[in-house]
Amino acid sequence: MNEQWWLAPCQPIDHVARQKAEQRQARLTKPTGALGRLEQLAIDLAALQGRECPHLEQPWIAVFAGDHGVVEEGVSAYPQAVTRQMLHNFVAGGAAISVLAHQLQARLEVIDLGTAGDGEPLGGVHSYGLGPGTANFTRGPAMTDEQCRAALAAGRASAERAHQARAGVYIGGEMGIGNTTAAAALGCALLDLPALALTGAGTGLNAAAVAHKQRVIDSALLLHQQVASQDPLEALRRLGGFEIAALSGAFVSCALHGLPVLVDGFIATVAALCAVQLNPGVRPWLLFGHRSAEPGHTYVLQALKGEPLLDLGLRLGEGSGAALAVPLLRLACSLHGGMATFAEAHVSDRPT
Ligand SMILES: Cc1cc2ncn([C@H]3O[C@H](COP(=O)(O)O)[C@@H](O)[C@H]3O)c2cc1C
Ligand SMILES: O=C(O)c1cccnc1
């Protein structure tokens, strides 16, 4: 396998399909532009799927889990054991993303990159065993080079499974207590911002705890930023997490295979930013499901020029905000493909 597979050229967008979809939108029985952003959404999907009338039959949802050494600094409201406990919950059907996947009739796969716990394999979970979690990045790099590459490759393998199953869209979710800290640190390194910009309450820290989290992130940036700001891969290795690296790998791989991605919240969007910095050809393949309540999400979306579809005050992760946007995407496709044109319905168009 190519040493730096993430640098390969991404699939081009189908401009002919885009043009046909634009022309079709202009002929549908409604005032021009009256369906607002749903019109552009259908056109964008047409260009990504390479057909005038796109459709979204099979969403693929992958939830990547990993633990974080930085939790020993006291940066999350919940204990680390929750990461592994939630793996059971994902498989048993009790997690938010499990319910949403069931309702959407989407395939849900659960991937444990490396979590703290007794190490017993969990039924129904792909396990990579990269370690009990990343190292505490306030003291050194979060990952070794091997761990970072293995996590990227695990994401690539997931995207390839989705592509082979002919998924219409890929959603990458994450689970990892402490990962809003890792995502904030990585996002700051990638965007050259201070911790203040991207630090939030995560699972529900109070104001004093958020201030402490910000200091922890600033100290990590002081240690790593000089090296990390030169190179997105090195930033990911030093400040990211197993599940964040897997998401970045999955997003690059989706773009290499021409599979549209519906990006979730703060953590997934930082992984998407890293994927775009690794390979700018990834950007056209990204759609953004929602704006998270985590305040840093807005900065990262702005950096990617991403316009989220929903803004519901969600702060969960797991891919939940992206999954919630799937019905909207499906309805945009139904309107685009199912509405009559002015000629078909014998309705008078606006005089030119
Ligand atoms: C029960 C539970 C389920 C979750 N599902 C997603 N997260 C979310 O919260 C975590 C990040 O927040 P922080 O950085 O503050 O730890 C991640 O696991 C994320 O996926 C959860 C968190 C909890 C507690
Ligand atoms: O937006 C997210 O992805 C998020 C926010 C808070 C906690 N977990 C995830």
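Which helix gives the most to the shell around ligand 1? The tour reaches that shell after a look at the whole model and its strands.

**Before you start**

This is a predicted model, in which local features need pLDDT of at least 70 and side-chain atom pairs count only at pLDDT 80 or more, while totals for chains, interfaces and linings use all residues. Residues are numbered from 1 along each chain as its sequence is written, and chains are lettered from A and ligands numbered from 1 in the order in which they are written.

**The whole protein**

Show the protein as a cartoon. It has 14 helices and six strands; helices (H or I, at least four residues) and strands (E, at least two) are DSSP runs, numbered from the N terminus. Along the principal axes, the C-alpha atoms fill a box of roughly 70 × 40 × 40 Å. The radius of gyration is 20 Å, which agrees with the value near 20 Å that a compact globule of 352 residues would have. That radius is taken over C-alpha atoms, and the globule rule is 2.2 Å times the number of residues to the power 0.38.

Of the 352 residues, 53% count as buried. A residue is buried if 20 or more other C-beta atoms lie within 10 Å of its own, exposed if 12 or fewer, and partly exposed in between, with C-beta atoms placed from the backbone. Among contacts between residues at least 6 apart in sequence, 76% join residues at least 24 apart; a contact means that the two C-beta atoms, placed from the backbone, lie within 7 Å.

Select residues 59–66, which form strand β1. Eight of its eight residues are buried. Pro59, Ile61, Val63 and Ala65 point one way, and Trp60, Ala62, Phe64 and Gly66 the other way. In a regular strand the side chains alternate between the two faces of the sheet.

β1 and β2 run parallel and are joined by seven bridges; two strands pair if DSSP finds at least two bridges between them. To find this pairing, look for valine 63, whose bridge partner in β2 is valine 110, and for alanine 62, whose partner is glutamate 109.

β1 also pairs with β4 in the parallel sense, over seven bridges. Here isoleucine 61 stands opposite isoleucine 171 in β4. Next, select residues 125–127, strand β3, which pairs with β2 in the parallel sense over three bridges. Aspartate 112 stands opposite serine 127 in β3.

**Ligand 1**

Center the view on ligand 1. Of the 18 residues around this ligand, Ser76, Thr180, Gly202, Thr203 and Gly317 come nearest. A residue is near a molecule or strand if its C-beta atom, placed from the backbone, lies within 6 Å of it. Helix α3 (81–92), strand β4 (169–175) and helix α6 (179–191) each supply at least two residues of the shell. α6 gives the most, with three residues, which settles the opening question. By class, the shell has seven nonpolar, nine polar and two charged residues. Ala, Val, Leu, Ile, Met, Phe, Trp, Tyr, Cys and Pro count as nonpolar, Asp, Glu, Lys and Arg as charged, and the others, Gly among them, as polar.

Move to ligand 2. It is surrounded by 13 residues, the closest being Gly265, Phe266, Ser292, Arg315 and Gly317. Three residues of this shell are nonpolar, seven polar and three charged.

Now select residues 266–278, helix α11, whose 13 residues reach 18 Å from the first C-alpha to the last, close to the 18 Å expected at 1.5 Å a residue. The expected span is 1.5 Å times one less than the number of residues. Because 12 of its 13 residues are buried, α11 is largely enclosed by the rest of the structure. Phe266, Cys274 and Leu278 are among the buried ones.

**Helix α10**

Select residues 242–257, helix α10, which has 16 residues and reaches 22 Å. Of these, 15 are buried, so α10 is largely enclosed by the rest of the structure. Glycine 258 follows, with a positive phi near 75°.

**Two loop residues**

Finish with arginine 166, in the loop between α5 (145–164) and β4. Its phi is positive, about 60°, although it is not a glycine. Arginine 166 is exposed, with 10 other C-beta atoms within 10 Å. Aspartate 192 lies in the loop between α6 and α7 (195–198). Phi of aspartate 192 is also positive, near 55°, and with 10 C-beta neighbours inside 10 Å this residue counts as exposed.
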